[in-house]
Amino acid sequence: MTTAQPQPRRKRFIPKYDVEGVYKVIIGEETQIQIEMVVGTHINAQYPWKMVSKAKIMETIEVGGELSEFFPIKEHIEAYTQEFLLMGYIVDESNDLDEFYVCCTTEARDHCKQQSDRFIKRQEKKLEKAVQKKPRPWKGLGSEAEIKELIPVNTRPLMEVEIRAKFPIQNQTNKFRVRDTNSVRDGYIELTPYRQKFNNVFRRRVDCASQAAPAMCERAAQTELRYPQNMWTQSVTDALGDDTDAAAGGDASRGSPTKDVEAEVAGKSSDEDEEVAKEPPDEVALQTYRAAMKRMRRASYIKMINNFVGDKKTEMESIVELNTVMDMYCNDYPNLVAEKTADIYDSMAFEEYVCFTDVRAKDKYVSCAMFHPMWTGIVAIAYSDGSPRVMKTLSSRPDPIQRAVYGLNPVLIWSHIDSLIPKLYLECPREVKVLSFCPFDENILVGGCINGQIVLWDITHKLENVEKIEVLSEKREKYRIAMNAHMGWMKTVQDNAVVQATALSNLMTSHYGPVTTINWLSPNFIVTPTGKMTVMQDKKKSLMFFTGSEDGVILIWNLSVENVTLFEGKKVKKSKRVLRRPSGLLVDVSPFKVLDRNLQPCYKILLGIAGQPQTLPLQSFGMNPPLIKYIYTPRNTGTGRKYFTCEIVPQNESEINTILYCGSQHGELARITWEGHEFNTGEVVNSEYCDIKYNCHIHDGVVTCTQKNPFINKITLTVGGKIFAIWCDQLTNRPLIWKKRPCRLTDAAWSLYKPSLLFIATSEGDLETWDLLLRSDKPISVQTLSGHMLTGVTLHTLPLAKNIIGVSDANGSFRMFLNPPIFMIENPMYLGRMETMIIRELKVMRSFIAWQDDWMKNNPQILLEMKRKEGELLALKEEEKKRLRELEEKRLEEEAEARRLQKMKVIGPEERWQMIIQKLIERTIAVKKRINRAELIEHEKPLRELEAQRLEKERRMLEIMKNQKTIFNDTVAILFPEAIKKKEKVKKSLLSDDKGALKKEYLEDYEYLKNGAFAMVRDHRYRISFSWEATLSEGIERRVALNAYEDFIKMHKLRLEEGDLTSLAPSKQGGSLHQIEETTEETSESDENLMK
C-alpha cells in the first residue's frame, strides 16, 4: 500500500528591509531621546517602526555636526521631501548597540511599512493560533441530524407582536341586588348598614272565636269590565220580580197569575227571619213585559229569529271563538307576572352559577379545565405559572430547579355543590399543562406535564370516600375527641382528599417539551406498534390516546395493562418476609399501578419533513372524537349528581380517519396524515415522518384551539391571534370561513346542541356567541364576563335542564354560567341547514378558485410582474440584512480592538503605588472626619436627580431642534391651512371650446348617418320566417296541456260553452287561414310602399 505524501511545509516569512533608499544607522541614547525614538518607551520589539520628524533629525545634525550619527546620510535626508521619516529598530540581542533603519525615499518608506505590517499581522495570527485552537471540519457519523434538531433555526420572517399596556377599561356596569346570605347556597358574609339600627315589629297572629261564619261563595264571569258602566238590557225580570210561565204566555190552566203572585208575596213577607220587606213590583212595567213575551212566542216572530240566526251563524261562531280565546275587557298583565309565562327565549345572557378559587393557586393561571364526561357538575382544573393564551411580560425568570423542587403543582377536582373547598387534590411531581378524562372510563384522568411526561390518576372510589359521612356512636365520638386532644402535636398523614399519581410515563421515551394537547382514540380502533390503524376484533375495546408537544412530535399511548414492556435489566425484588400482601392492602390498589415508570408510547409521528431538522412546534391538534352514547343511570348516593353510563357505537373500517389538523405556536396550521410501516423498524418506539398535505399561515398568533364539530366531522374550528377560521376536509390550502376580530381570541368551543353555534373567548374579557346560520359577519351576542382576559372555555357535555358553560380568566378563577334556553334548542333541521350552507360555501370557493386559475393562465404577464416585484422586495431586504450584518461585525471588531488595546496598557509599579496611596488617603480622611459612605450617597441623591433632569432637558431640546422642520410645517398647517392646500388639477377635456361649431358638425354627421342607415335598411331587408302550420300545432299542444288541469280552468270552459263561439268554430276554422294570408300580403305590400 502506498502512503499519502505529506504536504510541503509552509515557508517562514522573513521581512526584507535591505532595499534601495534604506540605510542603517547606530544611534545612541541621547539622540534617541532628542528624536523621541527611545527603545522600550516609544518603540519595542513588537512594534519597532515609527514616523520621526525630519526637523528634529536635521537639528541633531546641525548641533552635532560631523559627530552626529545622521551626518553620513545627510544628503539623502535633505533630498527627502516629506516632513516625517520612517525609522525602524533592528532587534539583535547579539549586538550591544542600537541599530536603526532609516528610509530616505518614499518608495523605501512604503516598502518597509508594508513589510512591517505584514510581519506584525503574521505574528499576531500565529499568537492567536497558539492561544485559540482553530476548529477542524466535523466528520459526520450519522448523528448530525439529531444535533441539528436541537439547534433553533429562524426560518420564518419576523412575527407581529402585540404589547398590551395597562390602561383603564370601561366594563359593563355591575348591577347589585340585595340577597340574604341564609337563603342562598353560596352565601358567606352579610354586609349590614353601618351605625344604623332598625327595630323590626313582628305582627302576631290573633285567634278569635266566632259562632257563625259566612259561607264561602265563588263566582266566575266570562267578561269583566275594567270600569263599571251603565248599560241598557232588554230583560227587566230582576227589576220587576219573579214571573211564572203563565205570565210569560205559557200554560194558563195552572191557576190565576195574580193569585200566585200575591200568595208568593204574602208568603215571603210572613217570613220571621226577614226583617226588611221587599218592595212591591211595578205592575205597569210587568204588564209591558208580559205583552212583549207573548209577541215573542208567535210563530212568525220565531221564524224571523231563526232566519236571522241562520244568516249570522258564521259571524256569531267567529265572535264566540274570539271571546273564548281572548278577553277584550280583562287586564292580562297581573296574570302574566303571577304565572311567569314570559317568553324564555328572548334573553341571550349567561347567568353566573358558581365560582371556584383556591389559595393554593394564587398567582397562577388555569392551564386546563375539563368536565367529567359521566358525572354531572364535576370538573378537574390544572393550574400553572404560565399560559400560551396570556401575553408574556418582562419580568425576572424564576429558577426552574427551585420551582420544580419547592413549587406547588395543584390539580383540583371541584363539585358544583361546594364552591369553597375542592373535593380532591391530585398530586403530581411536575407542573401539569393539560388534562383529559377518558370518555368511556369514568375513573381515568390523564394529564400532560411540563417536562413531557404523562401522568395517570385512577379516582376509583376516591370521591365516594371523601363524601361519605362517618357515623360514630356517642362513646366512640367521645373517645376520638379525647385522643385527638392528647395527640394534637401529630401531623395528619392520611387524607382521603389527597390522591397520589397512579402512574407516570417513562422519561426516556416521553416528550422532550411540554405536553400541549390530549385527544382520545375511538375504542373501536387500535394503532399497532408499526403505526397501522385497524378495527378491534372479538368485541374488544382499546384504551388509546394521542398527545402533542412543543417538540413537534405526536405520541400514541396504549393504557392496556397487557401491553406493558419492561426494560432489560430491571428486576422486581421479591420479599422473603411477606409472601403475599393482606387482602386489606389490596382493596384500593389500581390495576394501572403496573404502568408506573413503565408506560411508554407505542408509536411516534414526527411533524416535519425527512432530512430537515425543522419541526412544527405543536400547540393543539384536532381529530375525530369517539362515537359514544351516554345513558342516564340513577344512583342513590345523596350527592345531588346524575350518573351516566356509556354505550360505544360500533364502527367499521370505512370510518377510519387518519387526518389531523395541527396548529403551531407560530400561527401555522398543517393538515397531516400517516400510514404506518409494514414491518418493525427496530427502534424502541417506531417513528414516522407525517405526510403534510398542506400548511397555511393565516393566523397571526398561537393556534390555541383546534376542535372538530361534534355533528359534522369534516368541519374543524381553529383559533389563533385575532383570527378564527373554519376548515373543511373537502377544501385544501385555504379555510372555508375566516374572520378577524379587533382583539385577540384565546379559546373557542362548538355548541353541543346546534351545529352552527360556537362560543369564543377574547382577551378583553368578553364571550362572543356566533351562529353561522343566522349571520356570519358578526356575533349574535357579546357579553362581558370578566374585567381581565378570558383564558379558556369549557362545555358541560351531559344533558341538563339548564346546562353549564365554564369560563376561566387571568385571575386563576374558574366560573360556571347557566346557558340561556335559546342556546339549548335541538332541532334536526339545523343539521341539514348547516350541511347546505357548507355545500354552498364550497361551491362558491371552488368556482372562485377555478376563475382565479383561469384568469392567471390568460394573464401570465401580471403573474410575472408580481414575481418581479416580490424579487425586488426580497433583494432590498437581503441588502438591508447584509448592511446591518456588516455594521454589526464592524462594531464587534471595534469593541474587540478596544478591549485588546485596554489589555495592552501595562500599569507600572509607580502608578500602582500611587493608586494604593490615594485609596489609603481617602480611607484615612473618611475615618478621621467620620464620613459614612451610605449617608454621602444619600446626600448626593438630589444632586444626581438635578443632573438627570438637566440631561433630560438637553435631550428634549436636541429632539426639538432635530424635528424643527416638522414642527414648523405642522404650525403652518394649523395657522395657515390655505398655504399648504394643493391646487386642484384641471381635468383635461377632449372636446373643443367652440360649442357652436361642434353642434354644427354633429348636425352634419347626423344627416349623413341617417341617410346611410335608411340606405342600409332599404338594401338589406329583414324577413321573418313564419309558418302557420307550426303555430297552429303549438297552439293545439298548449291547449292539450292546459286541459290536463281541467279543474283549474273550469270557469273559463263554462264561459266558452255558454257563448256563441262553439257554433261558429268550424266555419271560422275553415276560412281563417285564407283570410289571414290575404291580410299578411296586404300588410307586406303596404310596408313596401312605405319604404319606397
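A residue is called buried when its relative accessible area is under 20%, exposed when it is over 50%, and partly exposed in between, using a 1.4 Å probe and protein chains only. By this rule, 29% of the 1092 residues in the protein chain are buried. The structure is a predicted model, in which local features need pLDDT of at least 70, side-chain atom pairs count only at pLDDT 80 or more, and totals for chains, interfaces and linings use all residues. Residues are numbered from 1 along each chain as its sequence is written, and side-chain values use heavy atoms, with hydrogens and water left out.

**The chain as a whole**

The protein chain contains 23 helices and 38 strands. Helices (H or I, at least four residues) and strands (E, at least two) are DSSP runs, numbered from the N terminus. The chain exposes about 81200 Å², and carbon and sulfur atoms supply 55% of that area. Accessible areas come from the Shrake-Rupley method with a 1.4 Å probe, and for residues only the protein chains shown count as cover. A contact means heavy atoms within 4.5 Å. Among contacts between residues at least 6 apart in sequence, 65% join residues at least 24 apart.

Strand β33 covers residues 757-762, and six of its six residues are buried, so the strand is largely enclosed by the rest of the structure. On one side lie Leu757, Phe759 and Ala761, on the other Leu758, Ile760 and Thr762, and all of them are buried.

Two strands pair if DSSP finds at least two bridges between them. β33 pairs with strand β32 (residues 745-750) in the antiparallel sense over five bridges, and Ala749 stands opposite Phe759. The hairpin formed by β32 and β33 has six residues between the strands. β33 also pairs with β34 (residues 766-771), again antiparallel and over five bridges. Here Leu758 stands opposite Trp770. The hairpin of β33 and β34 has three residues between its strands, and Gly765 takes a positive phi near 90 degrees in it.

**Strand β4 and its partners**

Strand β4 (residues 99-103) is mostly covered, with five of its five residues buried. Glu99, Tyr101 and Cys103 are on one face, Phe100 and Val102 on the other, and all are buried. β4 pairs in the antiparallel sense with β1 (residues 22-26) over five bridges. It also pairs in the antiparallel sense with β3 (residues 84-90) over five bridges. Tyr101 is the bridge partner of Lys24, and Tyr101 is also the bridge partner of Gly88.

**A four-stranded sheet**

An open sheet has the strand order β10-β11-β12-β14, with antiparallel pairing. β10 (432-437) and β14 (503-504) stand at the edges with a single partner strand each, so one side of each has no neighbour in the sheet. β10 and β11 (residues 444-449) pair over five bridges, and Val432 stands opposite Cys449.

**Cysteines**

A disulfide is a covalent bond between the sulfur atoms of two cysteines. In the search it is a pair of cysteine sulfur atoms within 2.5 Å, and a search of the whole structure finds zero disulfides. For Cys438, the nearest cysteine sulfur belongs to Cys646 and is 8.1 Å away.

**Helix α18**

Helix α18 (residues 933-962) has 30 residues and reaches 41 Å from its first C-alpha to its last, close to the 44 Å expected at 1.5 Å a residue. The expected span is 1.5 Å times one less than the number of residues. α18 bends by about 35 degrees at Lys941, and the proline Pro942 follows within four residues. The bend at a residue is the angle between axes fitted to the seven residues ending there and the seven starting there.

**Single residues**

The table lists the accessibility of some individual residues.

| Residue | Relative accessible area | Class |
|---|---|---|
| Cys438 | 0% | buried |
| Cys705 | 6% | buried |
| Thr716 | 0% | buried |
| Glu36 | 36% | partly exposed |
| Asp363 | 69% | exposed |

Thr716 lies in strand β29 (residues 715-720). Not counting residues up to four places away in sequence, Thr716 touches Tyr661, Thr706, Gln707, Lys708, Ala725, Ile726 and Trp727.

Glu36 is in the loop between α1 (29-34) and β2 (49-53). Its phi is positive, about 55 degrees, although Glu36 is not a glycine. Asp363 is in the loop between β5 (351-356) and β6 (365-371), and its phi is near 60 degrees, a positive value in a residue other than glycine.
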